[in-house]
Amino acid sequence: MTGEKSVTQKTRCSELEALIQQCDGDNPDPELVEQVEQHLEICPVCHEAEDQLTRAVVAYRSVTPAEPSASFEEALVDRLCHKRDPEEPR
Amino acid sequence: MEKPWDIDLQVYDDESELLHGLRQRERMACTCLLKYYAPRLLRLAGQLMGDADEAEDVLQEAFIRACDRIDSFRGESGLGTWLHRIVINTALMRLRARKSVTTDDIEGVIADGPESNWQSVSSGARDPGQQVLGAELFDRMSAAIERLPESLRIAFVLRDIEGMSTHDAAATLGISESALKVRLHRARLALRKDLAGYVDAAPPKGTGSQ
């Protein structure tokens, strides 16, 4: 069955979880990876969940990052201005 | 109060002038480089390392390394792309030195959902852009990314946050594209579980400020 939809957790898909569990993390079978990707395309639960996650990631990426602390920046600028002596160990 | 590093970032007309200043180790050039690139690179370092203090160490090491090698920068990619690469490589070197990146710690996350005692790297000062996303979702996203096992977090940050291609992200990590995809799918699955009930609050695509 594709995309079993739970009432309490509509983002969970037991079929996807089972497929991913079968994949060897370091040396996965490309055919199994292809099955995972095909599942993501056809499963309505996964499709919706992936779409929601993608929207969240897009929004997350749009947030302007906070600046480093002033003391950190000043100390680092001081170090960057100091030209490295070629004899100095890296 | 005016800060000594409050500067006009337009003092250099283009990247080549900035590069010339950096090669001369001009203070203004070094300051401009930091002001322009450090915020984004610090966030990248934090996402990769999962630790705010280590993120600052990575950023410092990466900028020092970049300035030491600025004479060899040929401009084949943009300065920003080059700096991103140096930060990624510096972070990966530190992570590899800390411990080898394995998949040993992944299975529990998939099966049980992550447990967290992380302090969010990104939970500090907020800017107006964060209001677009909503503070709660931003903090939950940050924390959820940090909770991912290291190998999954790095794959997710490189591919989905940094927008690297599968080929480039796999090459950066020295793994096959299939292995990268598995890590990415595991990361996304873990995030789906971790963020269940919250991602609905994310605004539609294309509403970001970038």
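User: What secondary structure does chain A have, helices or strands?

Analyst: Chain A has four helices and zero strands. Read from the N terminus, its elements run α-α-α-α.

User: And how about chain B, how many helices there?

Analyst: The secondary structure of chain B comes to ten helices, again with zero strands.

User: What share of the contacts joins residues at least 24 apart in sequence?

Analyst: If one takes contacts between residues at least 6 apart in sequence, 46% of those in chain A join residues at least 24 apart. For chain B, counted over contacts between residues at least 6 apart, the share is 65%.

User: Let us turn to confidence. What pLDDT does chain A average?

Analyst: Chain A averages a pLDDT of 81, and 79% of its residues score at least 70. Among the elements of chain A, confidence is lowest in α3(A), with a mean of 89, and highest in helix α2 (residues 30-42), with 94.

User: Where in chain A is the pLDDT below 50?

Analyst: The pLDDT is below 50 over residues 1-9 of chain A. Beyond near neighbours in sequence, this stretch has 18 contacts in the model. Where pLDDT is low, the predicted coordinates should not be read in detail.

User: I am looking at α8 in chain B now. Is that helix mostly covered or mostly uncovered, and how many of its residues are buried?

Analyst: Helix α8(B) is mostly covered, as ten of its twelve residues are buried. Among them are B:L152, B:I154, B:F156 and B:L158, and also B:R153, B:R159 and B:D160.

User: Which helices do those buried residues pack against?

Analyst: They pack against α3 (44-62) of chain A, and in chain B against α2 (27-49), α7 (135-147), α9 and α10 (177-194).

User: Take α9 then. At what angle do α8 and α9 of chain B pack?

Analyst: Helix α8 (residues 150-161) and helix α9 (residues 166-173) of chain B pack at an angle of about 140°, with their axes 9 Å apart. The two helices α8(B) and α9(B) are therefore oblique to each other. Their crossing is right-handed.

User: Which residues meet there?

Analyst: From α8(B), the residues B:I154, B:A155, B:L158 and B:R159 meet B:T166, B:A169, B:T172 and B:L173 of α9(B). The residues of this contact divide into five nonpolar, two polar and one charged.

User: What about α10? How are α8 and α10 of chain B set to each other?

Analyst: They pack at an angle of about 95°, with their axes 8 Å apart. Helices α8(B) and α10(B) are therefore roughly perpendicular to each other.

User: Which residues of α8 meet α10 in chain B?

Analyst: The residues of α8(B) are B:S151, B:L152, B:R153, B:A155, B:F156 and B:R159. Their partners in α10(B) are B:L180, B:R183, B:L184, B:R186, B:A187 and B:A190. By class, this contact has seven nonpolar, one polar and four charged residues.

User: Where is B:P149, and is it buried or exposed?

Analyst: B:P149 is in the loop between α7 and α8 of chain B. B:P149 is buried, because 23 other C-beta atoms lie within 10 Å, and the cut-off for a buried residue is 20 or more.

User: How far is B:P149 from B:S16?

Analyst: B:P149 and B:S16 are 133 residues apart in sequence and 40 Å apart in space, C-alpha to C-alpha.

User: Back to chain A for a moment: where is A:T54?

Analyst: A:T54 is in helix α3 of chain A. With 15 C-beta neighbours inside 10 Å, A:T54 counts as partly exposed.

User: Last topic, the backbone. What phi does B:R25 have?

Analyst: B:R25 has a positive phi of about 60°, although it is not a glycine. Most residues other than glycine have a negative phi. B:R25 lies in the loop between α1 (15-23) and α2 of chain B.

Notes
Residues numbered from 1 in each chain as written. Chains lettered and ligands numbered in written order. Predicted model: local features only at pLDDT ≥ 70, side-chain atom pairs only at ≥ 80, totals over all residues. Contact = placed C-beta atoms within 7 Å. Axes fitted to C-alpha atoms, helices over the stretch in contact; angles between N-to-C directions. Parallel < 35°, antiparallel > 145°, perpendicular 65-115°, else oblique. Left-handed = near helix turned anticlockwise from the far one by under 90°. Nonpolar A, V, L, I, M, F, W, Y, C, P; charged D, E, K, R; others polar. pLDDT = per-residue confidence, 0-100.
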